[in-house]
Amino acid sequence: MPIPLRVLIVSDREGDALKLIEELRKSDYVPTYERVDTASAMSGALAQRWELILAAHESALLGTLPALEILRETGADIPFLAVSGPAPEEHVLEILKAGAAAYIARDQLSRLGLTVGRELSLAEGRRERHRLEQQFRQAQKMDAVGRLAGGVAHDFNNLLTIITGYADLLLAGGKLEASQRTALEEVRRAAERGGALTHQLLAFSRGQPFTPKLVQLNTLIVNMEKMLSRLIGEDVELITVAAAEPAIARTDPGQIEQVIMNVVVNARDAMPGGGKLIIETANADVDQAYAGSNVDLRPGSYVMLSVSDTGMGMDSETTTHLFEPFFTTKAPGKGTGLGLATAYGIVKQSGGAISIYSEPGRGTTVKIYLPSAEAKTPAEAAEQTPKPILRGSETILVLEDEARVRKLICEVLTSRGYNVIEAVRGEDALRKAMEYGDRIHLLLADVVMPEMSGPQAVEQIRAVQPGVKVLYMSGYTDEAMMHHGILESGTPFLQKPFLPDTLARKVREVLNSQASAG
């Protein structure tokens, strides 16, 4: 099978270049070549893409060693073969040490095809190894960023817990003027949005578990419009077209928001000169014919979310690689190549599918299909029903190292009738557990703390008081909780930031449970 090959030949003799080309053709190569005989000509030629360099003659203007030095300065990994007449062994060794892949005597040109094949294969192996090393370094970088973000999220979520908590307590007080109430509600909404943004930003880097809920996509898009408008900039017009009927899917709302943002960012980058971004929702019935030929779906009812842009578009070869991790069409340093790979994983986890249609110069359309869910389950409908204030008289040991968060929690629980004991560190909690004995009904413990973690403190407290119930809380990401074994163990867990009513409801729920989680 003919093998196309781009060859740069260093020689001042066209006859020598033609002999080399003829020899390559004997080995089934179809060479396209350019001949250079000066340093400036070679430097200019190396701006193009070459697969092989042959130095065919020791030119008076450009010798083999200077040519190797020019190649070395570019950093390009192109096999360089020296072809010459008889030469002293010292000269051959010097050329090989300078970076030549091989040296072939002119009277042994029959070896050229075999040598070229070997060196091209080795070069491809080196390039593949380099790509893998780059991907590994990028993965390490992402992991480091994720770990840093996890620590920032912990501190940020503690602050949000304080902000939302005290705003909620003031709102519940009742003695507020209308303007004060409005201001506090804005503070609380902003803090709640901050918590949602933390979740979105960490969705990929921390690998958060999938928590499906009923999501009205029309409402979700409306809530995201302001953020998306800021994301795409003023030179891109955002157009939303909502389905006439409610478009309800069962999925993780935070992760679907992440999918939408990833797709929208790609669309924005495809329109550097501005354009239009159209987001549509629709209810779609997918039959066997469409499912088999267009998307990887089973026939059935789906909610379809479409994101279209008027950008530069892509060819079919590019679109086939878009969901591969680390594949990117952006310039080096401008993209991680993880956005669409993440979107693909989230959508598949939802039981749906994602497809892309694009043509150069005609923009791109991304279609996301999610299984339709037409009605709320009783549990989810109940979640939207206002709950009465839940009170109690039990004794709760609160283990929290952040003083302001601990103060808020104690105020919330005390105001609801509970007896509260404070502990700053694990050792402090252990002493108070031994002091109060079985009078403690619940241990409310932060997970990640200095010196002794929450789970370690719980283990020691349960050694002396095995019947105590436990509720963990944390501002760290779910990956940290998995590391401490919290999510797998089934022990009740409360993610910061939380509202006072959420805290009271969760505490009451755990206290009402029949048996403590082991």
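**Figure 1. A nonpolar surface patch in the predicted model.** Leu 159, Ile 163 and Val 187 make up a nonpolar patch on the surface of this predicted model. Ile 163 sits in helix α5, which covers residues 112-173. The relative accessible area of Ile 163 is 39%.

**Figure 2. The salt bridge between Arg 118 and Glu 119.** Side chains of opposite charge can pair when their charged atoms come close. The whole structure holds 23 salt bridges. One of the contacts in this view is the salt bridge of Glu 119 with Arg 118. Their closest N and O atoms lie 3.0 Å apart, within the 4 Å cut-off for a salt bridge. Glu 119 is buried, with a relative accessibility of 7%. Arg 118 is partly exposed, at a relative accessible area of 45%.

**Figure 3. The salt bridge between Arg 406 and Glu 422.** Arg 406 and Glu 422 form a salt bridge, with 3.2 Å between the closest N and O atoms. This pair links distant parts of the chain, 16 residues apart. Arg 406 belongs to helix α13 (residues 403-415). Glu 422 belongs to strand β14 (residues 419-423). Which partner is buried? Arg 406 is, at 11% relative accessibility. Glu 422 is partly exposed, with a relative accessible area of 39%.

Figure 4. Lys 407 and Glu 411 join their side chains in a salt bridge, 2.7 Å from N to O. How far apart are Lys 407 and Glu 411 in helix α13? They are four residues apart, so about one helical turn separates them. Lys 407 is partly exposed, with a relative accessible area of 49%. Glu 411 is also partly exposed, at 32% relative accessibility.

**Figure 5. A salt-bridge network.** Salt bridges link Glu 14, Arg 35 and Asp 37 in a network.

**Figure 6. Strands β4 and β5 with helix α4.** Strand β4 (residues 80-84) and β5 run parallel and are joined by four bridges. Ser 84 stands opposite Ala 105 of β5. From β4, the chain crosses through helix α4 (residues 89-97) to β5. This β-α-β crossover is right-handed. Strand β5 spans residues 102-105. Ala 102 and Ile 104 point one way from β5, and Tyr 103 and Ala 105 point the other way. Are these four side chains buried or exposed? All are buried.

**Figure 7. Strand β16 and its residues.** Strand β16 (residues 469-474) is mostly covered, with six of its six residues buried. Lys 469, Leu 471 and Met 473 point one way from β16. Val 470, Tyr 472 and Ser 474 point the other way.

**Figure 8. Strand partners of β16.** Strand β15 (residues 442-446) pairs with β16 in the parallel sense, over five bridges. Leu 442 has Lys 469 of β16 as its bridge partner. Together, β15, helix α15 (residues 454-464) and β16 form a right-handed β-α-β unit. Strand β17 (residues 493-495) also pairs with β16 in the parallel sense, over three bridges. Which residue of β17 is the bridge partner of Tyr 472? That partner is Phe 493.

Notes. Residues are numbered from 1 along each chain as its sequence is written. This is a predicted model: local features need pLDDT of at least 70, side-chain atom pairs count only at pLDDT 80 or more; totals for chains, interfaces and linings use all residues. Side-chain values use heavy atoms; hydrogens and water are left out. Patches are made of residues with over 30% relative accessible area and no salt bridge: like charges are joined within 9 Å, nonpolar side chains (Val, Leu, Ile, Met, Phe, Trp, Tyr) within 5 Å. Accessible areas come from the Shrake-Rupley method with a 1.4 Å probe; for residues, only the protein chains shown count as cover. Helices (H or I, at least four residues) and strands (E, at least two) are DSSP runs, numbered from the N terminus. Buried means under 20% relative accessible area, exposed over 50%, partly exposed in between (1.4 Å probe, protein chains only). Two strands pair if DSSP finds at least two bridges between them. A crossover is right-handed if, with the strands pointing away from the viewer, the path from the first strand over the helix to the second runs clockwise.
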